[in-house]
Amino acid sequence: MFRITASEEDYLRAIYTLDPMGAGVRMDDIAKALSVSKSAALRIVERLEKSGFAERFGKNRAGLTDPGRQKARNVKSKYEIVRLYFMEILQVDFKTAAREAGQLEHTLSDVSLAAMKTAVIGEDTWYLVEN
């Protein structure tokens, strides 16, 4: 399995969020969601395609492969746990929590993530943390 960068994980999460049913999403929408140019989005999607995480449908649409969807679900889950922790436990506003969760989701250890998940859900859930 290929190792992907934090930026590529952001793209997986964005595509997954924009396209929960797996029908494909326009490159323009990916670029807009990530505040990048269409050409920048295309370059990352091409890298994800080479890694087996994404597939392109024509010149202007992309979607996730099964491994890509699985990785994207894991990344999104980490993001949501961190965001909820900031909002519910630390009482941080949504915009700040979302921005910082997007940065920390890539660097947190499984132990820290499990502790955050336990704090948010209210029970010991360390065994539910997906790698």
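Two strands pair if DSSP finds at least two bridges between them, and the strands (E, at least two residues) and helices (H or I, at least four residues) are DSSP runs numbered from the N terminus. The model is predicted, so that local features need pLDDT of at least 70, side-chain atom pairs count only at pLDDT 80 or more, and totals for chains, interfaces and linings use all residues. Residues are numbered from 1 along each chain as its sequence is written, and side-chain values use heavy atoms, with hydrogens and water left out.

**Exercise 1.** Work out how strand E3 pairs with strand E2 and with strand E1.

*Solution.* Begin with E2 (residues 54-57), which pairs with E3 in the antiparallel sense over four bridges; here Ala54 stands opposite Leu64 of E3. Then turn to E1 (residues 25-26), which is joined to E3 (residues 61-64) by two bridges, also in the antiparallel sense, and Val25 faces Ala62 of E3 in this pairing. Finally, look at the hairpin of E2 and E3, where three residues lie between the strands and Gly58 takes a positive phi near 75°.

**Exercise 2.** Locate Ser35 and Gln91, and decide whether each is buried or exposed.

*Solution.* Ser35, which is not a glycine, has a positive phi near 55°, and its place is the loop between helix H2 (27-34) and helix H3 (38-50). Buried means under 20% relative accessible area, exposed over 50%, and partly exposed in between (1.4 Å probe, protein chains only). Ser35 counts as exposed because its relative accessibility is 69%. Gln91, also not a glycine, has a positive phi of about 60° and lies in the loop between helix H4 (66-89) and helix H5 (94-104). With a relative accessible area of 62%, Gln91 is exposed.
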